[in-house]
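This briefing covers a ligand site, some backbone geometry and several helix contacts. Please look at the sequence and the model before reading the points below.

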Amino acid sequence: MDDVKEKYLAQIAAAGTESALEEVRLAAVGKKGEVSLKMRELGKMSPEERQTAGPALNALKDAINEALAARKAALADAALEARLAGEWLDVTLPGRSRGAALGTIHPISQVWEEVTAIFADMGFTVAEGPQIETDWYNFDALNIPDHHPARGEMDTFYMHRAEGDDRPPHVLRTHTSPVQIRSMQDKGAPIRIICPGRVYRADYDQTHTPMFHQVEGLVIDRDTSMANLKWVLEEFFSAFFGRSVKTRFRASHFPFTEPSAEVDIQCSFEGGTVKVGEGDGWLEVLGSGMVHPHVLRSGGVDPDEWQGFAFGMGIDRIAMLKYGIPDLRAFFDSDLRWLRHYGFSPLQVPTLYGGV
Ligand code: DAH
């Protein structure tokens with residue numbers, strides 16, 4: 001038995017891997033292992049023989065199991081040591097620079113957020129509507145009936161229906177004004193919203209792109225007036241351009257407002273550059289007016305009880321003015337050099353306390 005013990009203890013000490021160790025275990029104390037087979041023979045022995053052979057075999061088995069367990073633990077420790085040594089990491093190394101791969105926020109997105117932050121501070125919430133509209137929301141509900149000249153002037157993109165389908169066509173919305181109707185239908189009065197969004201017109205030259213951006217404003221209450229409109233707009237432009245900006249209201253006509261006004265902001269054109277909030281020149285930036293009773297009715301609001309103002313402004317236009325961007329079309333060229341030059345850091349989220 002001592003020979004058997006020596007043999008297995010030597011094999012256990014020599015086993016260099018867990019699977020080699022497992023083989024030794026099976027050969028010694030596995031079900032058909034040498035020691036197990038010997039123990040089975042105990043039954044055939046005389047009681048006297050069994051009395052000495054039994055404890056000796058048990059002691060042998062214990063010794064082998066103990067050696068197996070110790071070797072197994074030693075192998076596991078060695079494996080862990082090897083891993084710790086191999087996977088060592090110097091956490092004091094400087095990080096990899098990601099500067100080159102970092103994108104920028106498009107100036108339109110930046111201005112969109114700036115406009116939203118300023119109006120939010122005045123108690124406006126943001127409303128949205130679909131870019132594919134029915135012609136009822138885009139025109140009729142806004143007091144632009146069929147055959148009204150304003151329909152022709154808008155260069156509308158119509159979405160054609162299948163032949164034989166004579167339901168009215170869908171259009172790509174030509175302005176954000178239909179969101180006025182949807183918002184009144186949803187929320188009723190009083191209401192105080194802006195709706196920034198994409199709009200579409202079939203027009204393309206130096207100052208027009210077929211897709212551009214507007215922000216609509218709508219305030220309805222019991223006695224909201226043109227005076228409130230003028231204050232809101234002056235407050236907005238001064239916050240947006242970061243200096244006091246005078247506005248000029250010119251009488252105009254829109255089907256959805258009565259009276260209507262086009263609004264210019266003060267600027268100088270000296271030296272071939274445009275400077276907002278200086279000089280005695282004027283630049284048109286938006287259309288506005290008191291919401292027409294027909295429009296209130298389309299939105300389910302009673303014009304005998306409620307009144308208010310609306311305005312629509314080009315986001316791209318005011319972005320160009322604020323950030324000195326000369327060509328509208330470059331906004332949509334996706335030229336990386338342009339985007340890096342005019343884009344904003346993703347961390348520069350516009351807030352009123354951080355500055356817009
Ligand atoms: N929807 C007009 C346009 O796209 C702009 C506009 C003018 C909107 C007057 C208004 C408004 O809300 O009152 O040309």
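Around the ligand there are 15 residues, of which His 175, Ser 177, Arg 201, Gln 214 and Glu 216 come nearest. The model is a predicted one. The points below begin with the ligand, then turn to the backbone and to helix packing.

**Ligand surroundings**

- Ser 177 places a polar side-chain atom 3.0 Å from a nitrogen atom of the ligand.
- Gln 180 has a polar side-chain atom that lies 3.1 Å from an oxygen atom of the ligand.
- Ala 310 takes part through its backbone: one of its polar backbone atoms is 3.2 Å from an oxygen atom of the ligand.
- The ligand taken alone exposes 360 Å², and the protein buries 90% of that.

**Backbone geometry**

- Most peptide bonds are trans, and most residues other than glycine have a negative phi.
- The peptide bond from Ala 189 to Pro 190 is cis, with omega near -5°. Pro 190 sits in the loop between helix H8 (178-187) and strand E5 (191-200).
- Glu 258 and Pro 259 are also joined by a cis peptide bond, and omega there is about -5°. Pro 259 belongs to strand E8, which covers residues 257-268.
- His 147, a residue other than glycine, has a positive phi near 70°. His 147 is in the loop between helix H6 (135-138) and helix H7 (149-153).

**Helices H2 and H4**

- Helix H2 (residues 18-29) packs with helix H4 (residues 47-86) at an angle of about 175°, and their axes are 11 Å apart. H2 is therefore roughly antiparallel to H4, as angles over 145 degrees count as such.
- On the H2 side, the contact is made by Glu 18, Leu 21, Arg 25, Ala 28 and Val 29. On the H4 side, the residues are Lys 61, Ile 64, Asn 65, Leu 68, Arg 71, Lys 72 and Leu 75.
- By class, the contact of H2 with H4 has 6 nonpolar, 1 polar and 5 charged residues.

**Helices H5 and H11**

- Helix H5 (residues 107-121) and H11 have axes 9 Å apart and pack at an angle of about 100°. This makes H5 roughly perpendicular to H11, since angles of 65 to 115 degrees fall in that class.
- From H5, the residues Ile 108, Val 111, Trp 112, Glu 114 and Val 115 meet H11. Their partners in H11 are Ile 315, Asp 316, Ile 318, Ala 319, Lys 322 and Tyr 323.
- The contact of H5 with H11 divides into 8 nonpolar and 3 charged residues, with no polar ones.

**Helices H9 and H11**

- Helix H9 (residues 226-241) and helix H11 (residues 315-323) pack at an angle of about 45°, with axes 11 Å apart. H9 and H11 are therefore oblique to each other.
- Phe 236, Phe 240 and Phe 241 of H9 meet Ile 318, Leu 321 and Lys 322 of H11.
- The residues in the contact of H9 with H11 comprise 5 nonpolar and 1 charged, and no polar ones.
- Ile 318 and Lys 322 of H11 take part in the contact with H9, and Ile 318 and Lys 322 also take part in the contact with H5.

Conventions. Residues numbered from 1 in each chain as written. Predicted model: local features only at pLDDT ≥ 70, side-chain atom pairs only at ≥ 80, totals over all residues. Heavy atoms only, no water. Axes fitted to C-alpha atoms, helices over the stretch in contact; angles between N-to-C directions. Helix = DSSP H or I, 4+ residues; strand = E, 2+ residues; numbered from the N terminus. Parallel < 35°, antiparallel > 145°, perpendicular 65-115°, else oblique. Contact = heavy atoms within 4.5 Å. Nonpolar A, V, L, I, M, F, W, Y, C, P; charged D, E, K, R; others polar. Near = heavy atom within 4 Å. Polar contact = N/O pair within 3.5 Å; in protein donor to acceptor, adjacent residues only side chain to side chain. Areas by Shrake-Rupley, 256 points an atom, 1.4 Å probe, with all protein chains shown as cover.
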